[in-house]
Amino acid sequence: MAALETSRGTTLRNAFGNVFSFFILILIGVLAFSIRLFSVIKYESVIHEFDPYFNYRVTQFLTKSGIYEFWNWFDDRTWYPLGRVIGGTVYPGLTLTAGTIWWLLNSLNIPLSVETVCVFTAPIFSAFASWATYLLTKEVKGTGAGLTAAALLAMVPSYISRSVAGSYDNEAVAIFALIFTFYLYIKTLNTGSLFYATLNAIAYFYMVCSWGGYTFIINLIPMHVLLCIVTGRYSSRLYVAYAPLVVLGTLLASLVPVVGFNAVMTSEHFASFLVFIIIHVVALVYYIKGVLSEKMFKVAVTLILSLGAIVCCAVIAVLIALVASSPTMGWSGRSLSLLDPTYASKYIPIIASVSEHQPPTWPSYFMDINVLAFLVPAGIIACFSPLSDASSFVVLYIVTSVYFSGVMVRLMLVLAPAACIMSGIALSEAFEVFTRSIKFQLPGSSVHSQVDVGVKSSENSLPQNDVAKTDKTEDTLKERPSRKNRKKEKEPVAVEKPSVRSKIEKKLLVLPLEASIISIFLLVLLGAFYVVHCVWAAAEAYSAPSIVLTSHSHDGLHVFDDFREAYAWLSHNTEVDDKVASWWDYGYQTTAMANRTVIVDNNTWNNTHIATVGTAMSSPEKAAWEIFNSLDVKYVLVVFGGLVGYPSDDINKFLWMVRIGGGVFPHIKEPDYLKDGQYRIDSEATPTMLNCLMYKLSYYRFVETDGKAFDRVRRTEIGKKHFKLTHFEEVFTTHHWMVRIYKLKPPKNRIRGKTKKSKSKSSGTTTKRSRSGKKNPWH
Amino acid sequence: MGMGSRLDLFLLTIAILSGTVLSDLILFKVDRRVDLTSQVVRVTSTLKVENDGTNSVSEVLLAFPDNQVKHLAYLTVTPNEGKGKSKHSANSFPVEVVHPKDMPPALTFYSVSLPKALGKGESSTFDVLAVFTHTLRPFPEKITQADIQLLVFQDSAYFLSPYAVRVQSLSVKLPDARIESYTKLENTKIHGSEIKYGPYENLPPFSYSPIVVHFESKQPFAVAQELVREIEISHWGNVQVTELYNLNHGGAEIKGEFSRLDYQARPHIRGASALRNLVARLPPRARSVYYRDEIGNISTSHLWGDSKKTELEIEPRYPMFGGWRTSFTIGYSLPLQDFLFQSEGKRFLNITFGCPINDVVIDTLIVKVVLPEGSSDISVSTPFPVKQSHETKLSHLDVAGRPVVVLEKNNVVPEHNQYFQVYYKFNSLALLREPLMLISGVFFLFVACIVYMHADLSISKSSASYLAKLQWDEVQGAVQQVQSIINRCLAIHDKLEVSLRDLSRTGDAQSCKAARKAADASLKELTKELKPLLGFLQSSQQAAQILPKVENLVAKEKDLQDRLLAKHSTVVDCYEKKYGGKEIENRVAQHQQKINALRQEVDDLLDFIDEI
């Protein structure tokens with residue numbers, strides 16, 4: 001009778017614990033969603049930055065024209081006159097996701113605009129990502145660690161930076177897909193279920209759809225499999241987890257147009273096939289070992305080893321020959337720069353010119369993952385006691401992602417989930433040790449465990465009251481119930497067991513009461529600090545949409561909305577088919593917001609084209625006019641921050657234009673623009689610099705604003721102040737002069753030389769012009 | 001004027017029109033005032049009509065050339081009740097287009113019905129307000145940023161009328177600026193910014209004398225090529241108005257450069273006629289006002305209001321020069337009770353037709369009134385003719401869609417900003433439909449969850465593996481029960497240990513004995529409970545693997561129990577016999593060792609079973 005009652009009590013408690021952790025998870029989801037809304041509240045519901053504008057435009061096209069049109073979409077409004085096959089060159093995951101959400105809502109008659117859906121896709125998927133983190137960590141170290149890791153991930157600044165509302169970029173959904181794929185892999189590994197293996201392949205497919213970073217998965221998982229095999233952890237579960245993933249995953253991945261045959265042909269995927277072969281060999285060996293007797297087995301080993309070695313050598317030789325025959329060894333530029341961090345800066349200036357491809361600095365680690373950086377080592381240690389398949393995977397994950405994050409700032413994003421998982425494990429282990437210590441040292445603990453929980457929670461809430469700030473306790477709130485809840489889950493099996501047993505066995509782990517209380521207090525403080533930092537980062541550092549700038553001055557908030565002013569002007573006051581030339585940074589925004597054809601955009605697929613624009617910008621006016629005219633350009637857009645002090649303007653990016661232009665057209669030489677190796681625009685600058693188009697378009701009539709032409713970004717007076725434009729005319733300049741738009745003047749009746757020139761010829765003349773320009777400076 | 005001369009004039013008129021006079025009216029006095037200060041040309045004519053014939057007349061004809069009629073946006077005739085009375089009195093006379101016979105071509109006639117027929121010799125005075133759009137033409141058509149916009153106005157110095165006009169005068173009011181040129185006729189006077197023609201006397205019908213005025217104007221021409229106003233009624237207390245503007249500057253187009261520098265340095269010289277801002281006068285208590293375009297919020301706007309009105313000052317993203325375009329959206333919410341009323345079992349919406357921004361000419365105005373889902377018997381009453389159509393709109397959680405009344409009108413000027421009414425029937429209960437839908441949706445979700453949790457979705461219920469699984473579940477349950485019993489036993493052991501400790505502290509043997517007694521009883525009970533479980537496990541095939549372990553566990557536990565009890569009784573004995581601490585320890589040591597070993601084994605076994 002009593003037994004029945006206890007079992008009922010335990011199921012009730014069990015159910016209570018489940019419901020409790022369910023609600024905690026919902027709260028974590030709400031937290032993950034709402035912490036990303038600062039951008040909407042502080043600014044407005046608008047798409048951010050550059051790439052998201054492209055994704056937004058693609059989504060608009062998708063919702064308007066349907067999926068089939070989307071696959072076949074040839075975009076003629078960009079990369080004029082080449083165009084771009086969008087359907088075949090874009091990772092469609094994000095677009096399809098947002099398109100599906102939009103379609104679903106609209107079919108339920110909830111009329112949200114495509115823009116709104118796009119803006120809120122990233123926060124929604126962050127909530128999903130934190131749930132996926134919970135699942136993954138739960139598989140590794142149990143519910144408590146899972147909930148802690150989920151709470152940490154919900155607000156890790158590194159992830160927030162890519163997923164605030166409006167940051168509609170691939171990473172927003174890809175991180176969720178990444179974590180979820182890992183979860184399913186671990187789940188398959190733990191259960192050996194083919195069902196989960198299939199799901200895993202599908203999740204991997206979603207990841208391939210979403211982001212180029214899928215290669216991380218398809219290299220990390222083979223590495224882990226190899227690790228398991230080497231450490232003698234091979235099991236049928238491992239086989240089930242890996243083999244279907246490679247077969248199904250590769251088949252599915254090659255369905256994505258942008259990947260296609262790359263899924264079997266590039267070196268990024270090579271590791272997975274190699275390991276696929278190895279695991280089969282190992283499986284065979286294990287099978288034979290089971291079939292044969294000890295002695296026979298030894299004979300078989302020697303036979304197969306000698307045979308296998310020959311075959312392997314042959315296969316590897318063929319592979320190496322294949323790989324070596326391609327110039328980049330079959331690796332894409334971005335992957336190569338991952339393996340060799342100096343590769344990009346040496347060979348591909350376009351990749352190196354992007355700030356997010358630079359290696360990070362130490363402060364950026366602290367900024368992006370904050371206290372997690374200190375908790376990670378503890379988490380790794382916790383993963384080793386005891387080491388399981390799952391925990392070894394997590395350790396491998398953190399180690400590789402730390403390396404990758406050290407190569408590119410952007411890949412900090414991959415590190416963040418790993419750091420959260422590790423820290424979640426570390427925190428939960430620490431809390432477990434401390435609370436257990438407290439529990440055993442309280443009198444009468446063994447009998448009155450219920451009372452214990454009460455006492456413990458009140459003690460926990462004591463430090464919490466001390467740090468009674470609303471936001472920062474959120475984290476601890478989340479941790480505490482999770483731990484409590486976990487206790488409850490264990491309780492059905494042994495109400496008094498842990499107390500009794502650990503009294504005997506784990507006495508070593510029991511810490512002094514005071515030390516435990518203080519440590520818990522300190523940990524809570526640490527968590528609180530983390531929360532404060534995250535909220536600050538979300539609110540201040542990562543929420544600016546970058547198309548609207550604000551500054552706080554003595555008379556209140558000042559808004560710089562120049563970009564949209566210029567784009568709106570372009571979209572309303574120029575012909576629909578006019579071509580606008582600008583540096584590639586503004587390509588996506590121009591096509592999306594101004595709906596005008598651009599020459600180059602942020603999808604830097606054609607280096608020569610970008611170099612042509614770079615050459616034009618670095619050439620004197622006449623040569624530039626000829627280049628632009630040959631490209632049918634009607635308007636040239638430059639971004640100029642000198643009047644208001646906006647630092648990321650075109651003059652500051654100009655050296656990259658020279659470098660990229662010079663990489664293709666050798667008559668553009670970087671030293672011509674540098675005075676003694678220094679980049680300057682003041683009176684010491686070289687004549688080439690002072691005569692190039694970018695300089696002129698940026699500083700045209702700038703001297704008349706204050707009489708001195710003082711550039712507030714470069715903090716100097718400019719070199720050449722008074723000059724006229726002969727081939728361009730100013731047609732629009734925004735309120736703060738941040739965007740200036742010029743129109744190419746029609747060719748005059750009297751033109752020296754030939755009017756029509758081919759591009760190569762015109763660049764030939766450019767050389768001449770620039771040389772003569774050196775002799776007698778313009779005007 | 002004598003009778004004779006009037007007769008002469010009459011005869012003359014007859015002669016000119018070759019007998020086409022419709023009635024014997026003459027215009028005794030005509031005062032025309034043309035207002036050219038804004039882009040809209042407002043011509044106010046005060047007519048004094050006199051019936052010179054014998055028959056009573058109630059229709060007066062007004063004539064306009066066809067090229068003016070094209071631009072005629074608004075025409076109203078109101079009785080003139082002397083000066084100082086409001087022009088827009090409610091009782092305006094009905095006006096309609098007529099096509100009288102035998103009239104000169106290229107003229108359009110409007111017939112004004114007087115409320116009271118004019119008898120012989122009677123006269124009536126009324127005001128005619130005609131509003132024209134797009135009649136002021138910029139000349140030259142393209143100017144640079146530094147030039148000042150020049151406009152041309154063309155009209156007749158004489159009042160064009162099918163009737164003879166006795167006395168007439170015309171005054172043209174211009175903005176306070178330079179006048180480039182104007183047609184000089186006799187009796188032309190210039191008075192400040194006003195040009196006066198006349199008075200002219202005794203002119204025959206259809207006299208016409210063209211005049212041209214060419215003058216400077218810095219007025220920007222805000223023209224909305226299309227304005228879509230969507231008025232959505234929610235019976236939850238809200239009227240949401242969304243206005244989508246497609247605006248351009250209809251004045252002289254800018255040519256050549258636009259220099260921000262010049263514009264910022266000398267805004268009133270370089271960019272004098274640029275459109276900088278617009279003021280929308282919204283109804284009072286408007287809230288949730290927004291101003292945006294397709295690429296996001298436009299930050300340059302100001303809002304202030306009092307109990308009479310709400311004023312929204314908006315600036316386009318860029319100053320608009322001639323020929324430039326932009327488009328934007330204004331939206332605001334209004335309280336329902338200010339605009340929705342009930343009469344005779346019907347509800348009606350009473351709201352203004354035109355746009356809230358003054359000085360905007362609208363080429364095409366589309367007003368859409370979105371009524372709540374389930375509205376019926378829809379009818380519209382407007383103060384002037386508009387094109388009507390119906391459509392449906394699907395919005396939040398609609399099933400059938402909301403009926404939409406679409407009203408379309410071309411050439412809209414601020415004079416059209418009058419109230420119109422939309423009548424419809426709506427059952428208040430229909431309000432609850434959507435909340436109920438949501439509630440039932442969530443309810444069914446929960447029901448589905450409950451059903452899913454309780455339903456057994458396994459494919460086959462008779463297969464061997466399923467049965468095995470069921471049995472295994474039972475075995476597991478039994479093992480768990482065994483475990484919990486063992487745990488409870490262990491707990492009792494702990495209690496005994498505690499009682500021993502208490503004993504050593506207090507020396508109170510009685511309480512220790514009592515504890516022992518209680519422990520004995522509960523242990524016995526637990527042993528009893530254990531029996532059927534063990535029996536079940538022994539009988540079950542599935543438990544074959546686990547059974548030895550469980551039996552082992554039970555045996556060990558029994559052993560442990562015995563040892564402990566033995567130890568307990570020894571200690572209690574010792575205390576009763578008042579042995580020293582050392583002595584007791586010696587006696588117990590053996591027991592203690594065994595107990596520890598057994599305890600360890602039991603724990604290990606529990607762990608092992610736990611993992612299964």
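In this predicted model, A:Lys696 is buried, with a relative accessible area of 0%. Its partner is A:Glu621, and the two side chains meet in a salt bridge, at 3.6 Å from N to O. A:Lys696 lies in helix α35 (residues 693-699) of chain A, whereas A:Glu621 lies in helix α31 (residues 621-630) of chain A, so the pair ties together parts that are 75 residues apart in sequence. A:Glu621 also counts as buried, because its relative accessibility is 0% and the cut-off for buried is under 20%.

This pair belongs to a longer list. A search of the whole structure finds 50 salt bridges over all chains. One of them joins B:Asp31 and B:Lys29, whose side chains meet at 3.3 Å, N to O. Here the two residues are partly exposed: B:Asp31 has a relative accessibility of 23%, and B:Lys29 has a relative accessible area of 40%.

Chain B holds another such contact, between B:Arg488 and B:Glu529. Their side chains form a salt bridge of 4.0 Å, N to O. B:Arg488 sits in helix α5 (residues 464-506) of chain B and B:Glu529 in helix α6 of chain B, so this bridge ties together parts that are 41 residues apart in sequence. B:Glu529 counts as buried, at 17% relative accessibility. Salt bridges can also share partners. In this way A:Glu44, A:Asp561, A:Arg564, B:Asp293 and B:Arg317 are joined into one network.

Helix α6 (residues 509-539) of chain B gives the largest share, three residues. B:Lys558 lies in helix α7 (residues 547-576) of chain B. With a relative accessibility of 37%, B:Lys558 counts as partly exposed.

In chain A, the geometry of helix α3 (residues 51-65) was compared with expectation. The helix has 15 residues, and at 1.5 Å a residue it should span 21 Å. Just after the helix, A:Gly66 takes a positive phi of about 95°.

Methods. Residues are numbered from 1 along each chain as its sequence is written. Chains are lettered from A and ligands numbered from 1 in the order in which they are written. This is a predicted model: local features need pLDDT of at least 70, side-chain atom pairs count only at pLDDT 80 or more; totals for chains, interfaces and linings use all residues. Side-chain values use heavy atoms; hydrogens and water are left out. Helices (H or I, at least four residues) and strands (E, at least two) are DSSP runs, numbered from the N terminus. Buried means under 20% relative accessible area, exposed over 50%, partly exposed in between (1.4 Å probe, protein chains only). The expected span of a helix is 1.5 Å times one less than its number of residues.
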